[in-house]
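Biologist: I would like a close look at a single part of this model, with the cut-offs stated.

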Amino acid sequence: MFQSGLLPVIAVLLTLYFAVVVFSYLGVRRIRRGALEKDREAKRRLYELAILKEVADRTGYSLNIQKVLDVIVGSLNQFLEYSAVSYMLLSPSKIVFKADLERSVSSQFIKDIRTRMLSALSALLGRDLAGIEVEETITGAITLEDIDEPVRSYFNIPLVIGAELVGVLTVSHTKEGLYKESEMEILYKVVNQASQAVTKLEEVVKTEQGKVAAMVESMIEGVVMTDIDYRIIATNPAAKEIIGKKEGAPTIFDFIDAFKGALDIRGKLEEAIKLDKVLTIDEIFFNNKYYKIVVSPVRSSVGLTRGQILGGVVIFHDITHEKEAEKMRSDFTSMMVHELRSPLGNIKKIGEMMRSSKILEDKQASSEYVSMLYESSSSMLNLVNDLLDVARLEAGKFDIDKQSMDIRTLLAEQVKFFEATAQGAGINLKLLVGEKMPNYVMADAKRITQVAGNLLSNALNYTPKGGAVTALCFVHKKGMILGDEAAAIGAPWVRDNMPSTAEIPDSIVVAVTDTGEGLAKEQIDKLFNKFTQFASSVRQSDHKGTGLGLVIVKGIVESHGGTVGVGSKAGTGSTFYFTLPL
Amino acid sequence: MEQTEQYKAVMSEIIAKQSVILGPDMAIMRAKKVSGIDIGDNGEVTGIDGDSADALKRLIDTYVELSGQIVRNALGPIFTKYPDIKHSN
């Protein structure tokens, strides 16, 4: 028997023992619970990493969100229990609804899920989606009508790409209160990370597309790009201008209609895509312009679609100017041949006539024929010399021999040379020289004589009887206007249609002003073009010369580092000038 | 309506809307975690402790944190019904 005094001690010890046992049990339980929770958390993390890796491996974070969702849906059963996992994707004309059944449910269950998902989308978009077409696909387990289990647990995850709602993902079950917040959150995290990756990829693609679009926009050629179904995916302003589409995005039908009768654009695109071949239409005439058109298939050079034909491109190259230049060249050649043929024909005829002894005996007739021979051969020689000069200028083989020369003396001699012609034509010819002219300038005297002679000859040719031709020469200072400087020495100057002369560096200016027919602006623009000049000269048969003189003048002056210019007004007269830099 | 009551009504409507968008389980679970708001099992706000405007902001932020700005955009029509309520939506 225990002594009565020991009982309280035993009671205390027993209490302590039980307390230790209870605390130990609770502690172990807490530690075990913590370990389990840690284990679950590790599993969740593992799932998160695994699924994101799978998404990346299988789609390379494709731009196609549906592919990404299919991967997530396909592996979700490793992590969550569910009856159905489904997604809805918005497109302009319909909603794609796909449900994957893990276990059999009734069609009412699917209908219920579909309604809830549409309500979620509707709430997010702020508009009613009741009338929109829903394209439904059910995969996985079969639906059984005798299963009368409604939706008891579900949660939705909005799908957002680049701040735009693209759809919703829903996980649902027939059991009630099934999903824990941590489980739902992990799926939110996975979906959000995948969406962000797609968003970033889209941004990269958009940036790259922007660069290509900017390049296409700035192209002079009209460019039209279509997809495989001939829907236009890009056009640049030049292409829109070709078909006269000022506003809005053109469709392929705009191009088909515009080129109706000239080119079957759709047919050419089909041909290029089917044959996988670049087609070139060398020339079509459309809206008063000539175009060279290239139609080519477009192949993907990257990613999974590498090598696939993605669509077609049509490039419109405006060749109107090339055609005009080609025509000018052709006209020039035929006119030149004609101009050479006329004097040659004369020489031949005169030669034939002079073979007759009767003509040779007639001294007066012989003398006339010899003069005609001289004129015809001189005319030919002038033309050939001019052509040779132009050819040398164009080939950059026009040599000038700069020597110290007195420009005043040169001009005085030229004026004296043309005095007789001027008198004969009833034209007043004079020379005005400015002050402070240098005694000598460096120039090729022979070629400058040719230039001055050409300007004087032209002026006399185009000035009517009673008119005046003034040769003038003065020193120009940069920043001053030539017309003002000419006025200072009392010389006439036609400023009309003359570009600014203030930027011309310090120079000697030689000019010839006449009171002749004058020229319109469009004629001035053609003055120094060998093709147009020669043609107009041939048409104006009452004025002598090849018309190439001014082309040669320009070449000679520019070889000296100077410039040539014109001021003219139809019915008033003209001023032609050239400069020799000081 | 007293202003606190207005806040309670607004918050209840927000939770109801988020229940449609996210599903009721998720919407109510998230709302229950927001400090300063008492929520019934049906998602109705029964009481607010402290500043109502702050509580409202915390409630909206918890949904934005979960699924982004898109859920904030969906709240516009609710606030138009309560012009006196201060919010940063």
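This is a predicted model: local features need pLDDT of at least 70, side-chain atom pairs count only at pLDDT 80 or more; totals for chains, interfaces and linings use all residues.

Modeller: Residues are numbered from 1 along each chain as its sequence is written, chains are lettered from A and ligands numbered from 1 in the order in which they are written, and side-chain values use heavy atoms, with hydrogens and water left out.

Helix α7 of chain A spans residues 265–275, and its buried residues are I265(A), L269(A), A272(A) and I273(A). Seen down the helix axis, these fall within an arc of 95°, taken from the directions from the axis to the C-beta atoms, so they line one face. An α-helix has 3.6 residues a turn, so residues three or four places apart point the same way. Helices (H or I, at least four residues) and strands (E, at least two) are DSSP runs, numbered from the N terminus.

The buried residues of α7(A) pack, with heavy atoms within 4.5 Å, against β6 (222–227), α6 (252–258), β8 (279–286), β9 (289–299) and β10 (309–318) of chain A. Just after the helix, D276(A) takes a positive phi of about 55°.

Among these packing partners, β8(A) and β9(A) pair (at least two DSSP bridges) in the antiparallel sense over six bridges, with T280(A) opposite V294(A) in β9(A). Their hairpin has two residues between the strands, and N287(A) there takes a positive phi near 50°. β9(A) also pairs with β10(A), in the antiparallel sense over nine bridges; V298(A) has G311(A) in β10(A) as its bridge partner.

Notes
Buried means under 20% relative accessible area, exposed over 50%, partly exposed in between (1.4 Å probe, protein chains only).
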